[in-house]
Amino acid sequence: MTAIPRSTPRVLPGLSLGLGISILFVTLIVLLPISGLLWQLAQLTPADYVRVMSSERVLTALRVTLTAAAAATLINGVFGLMLAWVLTRYRFAGRGLIDALVDLPFALPTAVAGIALVSLYDRSGWLGSILDKFGLQVAYTWWGIMIAMIFTSIPFAVRAIQPAIEELDPDEEAAALTLGANGVQRFLRVVLRPLMPSILTGVGLSFVRSMGEFGAVIFIAGNLPYKTEIASLLILIRLDEFDYPAAAAIAGTLLLLSVILLVAINLAQTRMQRYLRTEG
Amino acid sequence: MTFQALDIHKSFGDTEVLKGVSLSMDEGEFVALLGPSGSGKTTLLNIIAGLAHADRGQLLFAGEDITRLPAGQRHFGFVFQNYALFRHMTVAQNIAFGLRVLPRKSRPSRSAIAARTRELLEMIEMADLADRFPAQLSGGQRQRVAMARALAIEPRLLLMDEPFSALDAQVRQSLRESVRDLQRKAGVGAIMVTHDRAEAWALADRVAVMNEGHIVQFDRPEVLSSNPSSDFVRLLVRADAA
Amino acid sequence: MTRFILIALSLLFLGLMVILPVIAIFHRAFADGFGAYRAAILDPETLAAIRLTVIATLLVLPLNVIFGVAAAWAIARFRFVGRRVLLILIEIPFAVSPIVAGLCFLLIYGAYGPVGALLEPYGVQLMFNLTGIVLVSAFVTCPFVMREVLPVLMVTGEDEELAAVTLGANGWQIFRHVVLPNISWGLAYGVVLTMARAMGEFGAVSVVAGAIRGQTMTLPLQIELMYNDYNATGAFAAATVLTALALVTLVLRGVLNRFGPKREAHA
């Protein structure tokens with residue numbers, strides 16, 4: 001972290017204005033809405049909450065969403081690491097272009113991604129027709145959901161890991177080589193360990209994003225209740241039915257899961273990075 | 001066991017860095033490669049270690065041709081200029097690393113590894129710092145750990161790339177003695193790259209003076225001082241405040 | 001050898017997962033010929049959607065720029081109680097699903113929510129109209145400008161600003177002449193990101209937009225509508241507009257990296 005220059009607060013102007021604007025904005029745009037959800041949740045009795053969350057439709061939607069997100073995150077973890085490594089350590093033609101393209105899913109609107117993916121994997125699509133020959137169906141199944149989640153989360157995985165790879169000291173790998181370690185040993189013991197915190201971050205952000213992804217998923221998902229319905233769609237459906245308590249219950253659960261995951265990752269990282277502390 | 005480098009040539013792109021370098025040393029001997037930057041001494045060391053490859057020439061160790069042998073199999077200890085300690089491992093884990101990555105068959109038991117690690121920690125007088133991380137050590141301490149780590153694998157040859165350059169004068173003095181000590185105790189031959197004449201004089205049995213990709217003179221320090229073979233050597237070895 | 005395999009696998013993965021879908025968009029949009037494409041783009045509903053999207057985005061932009069710069073300034077230059085809290089709060093939109101975000105806004109600013117109910121008697125409606133779209137778009141895009149400007153401020157340090165103070169400049173002069181030039185690249189990129197994201201936001205806007213054709217349909221919603229109506233050419237044609245914008249965003253990022261100031265990793 002950059003050392004922040006110490007400045008006596010009153011020398012530079014703009015603290016009150018800057019802080020005032022920030023607080024106003026954050027309150028109106030972030031705090032109030034979140035508290036709106038909490039307020040709604042507070043009106044739910046525990047019994048109501050359990051009733052909503054234990055309905056088979058909700059449980060199925062959660063299961064579909066979480067398993068697809070987990071699978072997508074796993075794949076993104078592996079390929080994200082690979083991409084980050086290749087982009088940082090190797091020089092090859094078109095590297096700059098590829099590096100820029102990694103951000104495409106982040107810049108592309110989710111609805112656009114959604115229709116693009118479904119048109120690719122639909123039976124009449126370029127990839128879907130090939131898969132169909134093998135009897136494999138991706139569109140309108142759980143697999144389609146997973147693929148859409150992979151698409152939208154690629155940038156999170158790659159961008160979280162890249163800076164950490166840049167920080168690695170190639171001499172440590174050379175040292176391990178002279179000490180007799182083979183390729184696998186060098187990778188696991190000297191390269192992977194220091195990268196773990198950033199991999200966790202990338203994976204965590206990837207999972208949270210996948211869990212909440214809507215636009216890219218609903219076109220390819222099929223959205224059949226009890227089969228291929230994702231949690232965020234169910235929230236929308238309950239909303240349209242004016243069943244705000246149910247919508248809030250599901251939304252609150254998703255939000256809680258995200259928060260727990262991010263906090264857990266943060267804690268794990270702090271532990272992993274204790275070797276960075278310079279005092280005993 | 002003797003080590004020989006024969007007629008080593010190395011170019012980087014259009015620049016020829018080593019122009020036919022030959023060197024031979026006896027078992028247990030301490031050799032210094034002394035020269036200004038750009039003389040090719042670090043390149044030569046890297047080639048000996050297997051971290052770089054010569055365009056032409058041969059490397060022989062105890063009669064065995066190791067020119068094409070991968071670095072991981074040469075069994076030479078290497079001390080890097082910036083030590084390259086594994087940041088995320090403790091001192092003890094750093095030292096034990098070379099032993100823990102040995103193939104199953106030749107790997108010692110965990111207790112044997114622990115014992116050897118302790119032995120080395122005592123040798124470098126850092127037994128109470130075994131669980132520290134490199135970020136928590138001083139420069140001199142890191143240097144000693146780097147030495148111990150290289151010695152742990154009982155190397156056939158010890159290679160050191162400017163091992164003291166990152167340290168201040170006082171620390172350098174005391175470390176010189178302990179490095180020489182460790183090397184003698186281990187009975188292993190050593191090749192050290194340095195640009196510091198006083199260091200080379202203090203530590204080496206023989207000094208190879210390098211300039212622009214050649215070894216211009218290779219002899220005992222006293223001989224270099226009394227019989228320099230060229231003006232370059234004479235100016236280089238002129239006694240100055242160490 | 002490993003190099004080759006890794007590079008090949010990475011390119012294959014990216015090509016399959018990212019590049020192919022983009023090609024598919026353009027292919028499908030022009031599959032019925034250029035005439036059909038042109039007609040689709042000029043369709044009145046689509047144009048209305050584009051107009052609405054652009055207006056909403058242009059309204060969100062100043063909000064985010066002012067907030068982003070204000071927050072970045074406060075965080076970079078000062079220590080205050082709640083500094084870390086502010087940083088965390090700004091990161092929240094990344095952790096929240098867009099549907100959940102839309103729901104939150106409905107719950108608080110909708111006619112039955114605590115704030116909405118207060119304003120309803122005065123005839124002020126915040127949801128299911130342009131205001132709602134602007135509000136949720138502000139939520140999902142609020143980190144962008146700040147996250148681009150903050151590292152720049154941290155790196156450039158306050159020396160120039162302090163010098164300006166000693167020379168007698170007031171706050172606005174310092175901002176105009178010293179701070180703004182320094183942050184211009186980061187700010188520009190933050191603006192571009194905000195625009196791209198605001199124009200493309202789908203999930204959150206779905207919840208609060210009100211879904212009235214020709215009136216409250218933003219471009220992404222219009223795309224969904226056309227797609228569900230089996231108007232593939234129309235949907236993909238509209239999609240090309242947004243895709244082109246996304247590609248422009250990427251190009252600008254490349255330009256920023258090449259010509260902008262050196263940035264340190266976001267603290």
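Predicted model: local features only at pLDDT ≥ 70, side-chain atom pairs only at ≥ 80, totals over all residues.
**Chains A and C**

Begin by colouring by chain. Two pairs of chains touch, and the pair with the most contacts is A and C. Select the residues on both sides of this contact: chain A gives 78 residues and chain C gives 78 residues. On the chain A side, pick out helix 1 (residues 15-42) of chain A, which supplies the largest share, 18 residues. Colour the chain A side by class next; there are 62 nonpolar residues, 15 polar ones and one charged residue.

Now show chain B together with chain C. No contact joins these two chains, and their closest C-alpha atoms lie 16 Å apart.

**The nonpolar cores**

Return to chains A and C and select A:Ile115, A:Leu117, C:Leu103, C:Phe105 and C:Phe139. These residues have the most contacts inside the largest nonpolar core, a set of 169 residues. Helix 7 (residues 130-156) of chain C contributes the largest share of this core, with 16 residues.

Centre the view on C:Phe139. Leaving out residues up to four places away in sequence, C:Phe139 touches A:Ile29, A:Val30 and A:Pro33 in chain A, and C:Pro93, C:Ala101, C:Phe105 and C:Ala204 in chain C.

Another core, of 82 residues, lies apart from the largest one.

**A:Val86**

Is A:Val86 buried or exposed? A:Val86 has 23 other C-beta atoms within 10 Å, so this residue is buried. Show C:Leu6, C:Ile7 and C:Ser10 as well: A:Val86 is in contact with these residues, neighbours within four places in sequence being left aside. Then draw a distance from A:Val86 to A:Asp99, 13 residues apart along the chain; their C-alpha atoms are separated by 9.9 Å.

**Helices 8 and 9 of chain C**

For the last stop, show helix 8 (residues 159-166) and helix 9 (residues 171-200) of chain C. Two packed helices are described by the angle between their axes and the distance between the axes. Here the axes come within 10 Å and cross at roughly 145°, and the crossing is right-handed. Display side chains where the two meet: C:Glu160, C:Glu161, C:Ala164 and C:Val165 from helix 8, against C:Ile174, C:Val178 and C:Val179 from helix 9. By class this contact has five nonpolar residues, two charged residues and no polar ones.

Conventions
Residues numbered from 1 in each chain as written. Chains lettered and ligands numbered in written order. Axes fitted to C-alpha atoms, helices over the stretch in contact; angles between N-to-C directions. Helix = DSSP H or I, 4+ residues; strand = E, 2+ residues; numbered from the N terminus. Left-handed = near helix turned anticlockwise from the far one by under 90°. Contact = placed C-beta atoms within 7 Å. Nonpolar A, V, L, I, M, F, W, Y, C, P; charged D, E, K, R; others polar. Core = buried A, V, L, I, M, F, W, Y, C linked by C-beta atoms within 7 Å. Buried ≥ 20, exposed ≤ 12 C-beta atoms within 10 Å, placed from the backbone.
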